[in-house]
Structures are given as C-alpha cells and as structure tokens.
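Visitor: I have a few questions about this one. Can we go through it piece by piece?

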Amino acid sequence: MQVYPQVEEYMKTVGLKYIKNSQDFLGGLAYLTSRSYATEVATLLNSRAEGEPVDNSKFYELKNDTPVASIYISAAFDSGVFRHIGNMLIDSAESLKGEVLDMACDCGIVTCFMAKQFPESHFVGVDINEKAVENAKALAEKLGVTNAEFLCEDVYEMDLGRQFDEVTSFRCLLDVADKYTKPLAFIGERSSREAKYQEAFSAYAKAVSKHLRDGGSVISVERYTADYGWLGWMQALNAEGINCTDGCTLMRAQDISSVKEYSVTFGVKGEGSSALDAYNEALAKQFKSGTGYDGGMAEFALYYDCDGEIEMTEVYKKDRVVHVFAFATAKNGKRMYYDASPDVRKIKYYNEKKEENMRKDYEMKLGLFDKEVYKFKEIMV
C-alpha cells in the first residue's frame, strides 16, 4: 500500500502520535487531563486485559470525557490502523464520491479525514455515544470541516430516511456487536461457528443495507479476522444483498502493545463474489501448501488445502467448545494435524510414516481432559 503524505500531515494536525508503552501512555494522559482520570482509565483497561466483563458503553463514555482525552486514547491504541485506513481510503477515492455514511464513528477521526480528503462529497458520522458525537463536532470545527455532520444514533435502531452511495465501518464492529458475539466460541467446526457469527452480525448488516442504495459500496476494517468472525461478517453482508468485491485482505498495524490484525472488506449492493470465495481469495494470497501455520491461517490451511474429508474431534465444557483436533490429507498428498484452543491454533504437515506419532500425540492430549467434566464430539467435515 502506498503511503501518502497527506495522511501523515492529518495525523500530526489531529495529534495522533505513536505512544511507546503503557507507562508513557498513563503519564501523558495524567498530564493532559488529571491523575484521577488516568487512574480510572487504567483500572478499566486492566479489567479488560484480565478478561473481566466490561461494559463497552461505559468505556467509550469515559474515553470521550473530553476531546483531548478522546484523541489521546485513540492515538495510543489506534494511530497505527488509522494511518493504514487513511492510505487505503485515498486508494479507494472512486468509491467515496457523493453521500457517505460512517457507522459508529466515535470521535470522528476517520470521518473528518475523509471529509477533508474528499471535499466534494458529504459525510454523515453516527455514534450512540453523545460525548463522542460532541467531540467529533469539535474536531470538525477545529479542522475547518464543513462537509460532514455528526448525529447521535443507535446504529441498530436508526432510520435516517435516506440511502447513501457508500457506507463505511471502521474498527467498530467488535464493540457494536459485543453483546451478540460475547457468548460465542472462538473455535469449533468452521461452518457452524461462522454461521453463529453471521447471525450475531445480522442486525448490523441490515442497518448497513437499509442505508445503502442499490449499487452502493461498503468498506469495512474490523478486528474480526481469520481467527474467527470475518467469514461470518461477510456472510451477514451477503445475506443482505451486499456482495464482496476485489481487494478484501488482511491489514496489520502497530498499537501501544503489539501488532494487531484487521480484516478489510469491500462490498457492493448488487453483483459480486460470495463470502467464501472472497475469504478464500484474500487468504490464499498469503498461503503456501506444506507450511506449518499458527493462528487463523492454521484453520484456513485445514479447510482450503484439504483433499477429501476432515476427521475432527471437538472437546466441550458444558456447551462451549474449548479444544479442537483434526486430521486431513492435503492436496499435495501430505497429512495435516490441526490442534486448536481458544488461545493457540497450529497445523502441522507430515509424511504418512509419522502418522502413528501424530496419533499418539492426539491421544495423549485428549486424555488430559477429564471425561467427567468434558464431552467429546467426533465429526467428519
């Protein structure tokens, strides 16, 4: 992807600077706001990191306490992906003509960038958080943006009474759909799991389609990736008549703690590729048969490279899948052994003479699960 100077200029103007570590982040936040506010943010973020239930609406209410706080926290966690999105949007200039709706826009950083970059178009940013909307309006005023408006709306319930040429959704689906996706498993037989994510995203996809004219296009960059959820999101769009187009891919960007992966989805309300075809095409660009993989690419290899059926064992604790094992034969004749938990997924390619060793490894790991606590389901896919 080409890097455009106007993106860097915008980031500097807005104040989206890279922050090196958590200590610098909290120190800077306390300096710009207050020590008590920084402590409150740190407590909430630590709870999130430790897996404790956190109300997303409360986090965004706190994050948007003031315009300065909102921009600073966005810089810490999202300045990397915002840069990538900015460059991508310039490359997508043909799509961003006319009326554009930006879903769940938060404090308007990307909406205002689009408005400045494409002054002939008109942008509407919507967000359920009133403070975020006020911060977006303040940012637009600071930047001299006159071709964007911001509305406080629940994306699930809104009816703006018109349709748009383009609908965008940037890094918001994880938060917007959290109440629907939180109960869902991260692993398990793919078609069943992704069908549940499709259902979870259905209402959001309906809201997108409702406000998109026939022939209009969609751009989304989300934190659901090949690990889980991305295929379900594409399927939810498909079900609402929005089909995938060229360019769907994975995007990687640095934040305060690590490199994060994002899914990039392009769609059009009308003819286009099916969700599975677009998903396969996007991931196949990075795939090489016979190579062991971790993460979402491990599961992709299992399905995409399989020649025949997949022999799968799912391990359940109550009604939730907590581990998956699978064996299959690859298209090049090698065998594949897939081993997945919610935290770690791996696939190994091996020759048939190692089959006995792989089966012993499988039996040993399966034996670690107490049959009084866990249930086992064997299926052929």
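Visitor: Start with helix α2. Which of its residues are buried?
Guide: This is a predicted model. In α2, which covers residues 22-32, the buried residues are F25, G28 and L29.

Visitor: How are those buried residues placed around the axis of α2?
Guide: They fall within an arc of 100° when seen down the axis, so they line one face of the helix.

Visitor: And which exposed residues sit on the face turned away from that buried side?
Guide: Q23 and Y31 are the exposed residues there.

Visitor: What does N21 do at the start of α2?
Guide: A side-chain oxygen of N21 comes to within 3.2 Å of the backbone nitrogen of Q23. Q23 is also one of the exposed residues on the face away from the buried side.

Visitor: Switching to pockets. How much space is in the second largest pocket?
Guide: About 340 Å³.

Visitor: Which residues lie nearest its centre?
Guide: V14, G15, V68, I71 and Y72, out of 18 residues that line the second largest pocket.

Visitor: Which elements give two or more residues to that lining?
Guide: Three helices do: α1 (5-14), α5 (67-91) and α7 (130-143). The largest share comes from α5, with 6 residues.

Visitor: What is the lining made of, in terms of nonpolar, polar and charged?
Guide: The lining of the second largest pocket has 12 nonpolar residues, 4 polar and 2 charged.

Visitor: New topic: E199. Where is it found?
Guide: E199 is in helix α10, residues 190-210.

Visitor: Is E199 buried or exposed?
Guide: Exposed, because its relative accessibility is 63% and the cut-off for exposed is over 50%.

Visitor: How far apart are E199 and Q163?
Guide: In sequence they are 36 residues apart, and in space the C-alpha to C-alpha distance is 24 Å.

Visitor: Last topic, the sheet with β9 in it. What is the strand order?
Guide: The order is β9-β13-β12-β11-β10-β14. These 6 strands form an open sheet with antiparallel pairing.

Visitor: Which are the edge strands?
Guide: β9 (293-294) and β14 (374-380), each of which pairs on one side only.

Visitor: How many bridges join β11 to β12?
Guide: There are 6, between β11 (residues 320-329) and β12 (residues 335-340), and the two strands run antiparallel.

Visitor: Which residue in β12 stands opposite F327?
Guide: Y337.

Visitor: What do strands of a sheet pair through, in general?
Guide: Backbone hydrogen bonds, in either a parallel or an antiparallel arrangement.

Methods
Residues numbered from 1 in each chain as written. Predicted model: local features only at pLDDT ≥ 70, side-chain atom pairs only at ≥ 80, totals over all residues. Heavy atoms only, no water. Buried < 20%, exposed > 50% of the residue type's maximum accessible area, 1.4 Å probe, protein only. Helix = DSSP H or I, 4+ residues; strand = E, 2+ residues; numbered from the N terminus. Arc of directions from axis to C-beta. Polar contact = N/O pair within 3.5 Å; in protein donor to acceptor, adjacent residues only side chain to side chain. 1 Å grid on protein atoms, 1.4 Å probe; cavity = no way out; pocket = protein on both sides within 12 Å on 5 of 7 lines; lining within 4 Å. Points joined across faces, edges and corners; volume = space filled by probe spheres on them. Nonpolar A, V, L, I, M, F, W, Y, C, P; charged D, E, K, R; others polar. Pairing = 2+ DSSP bridges.
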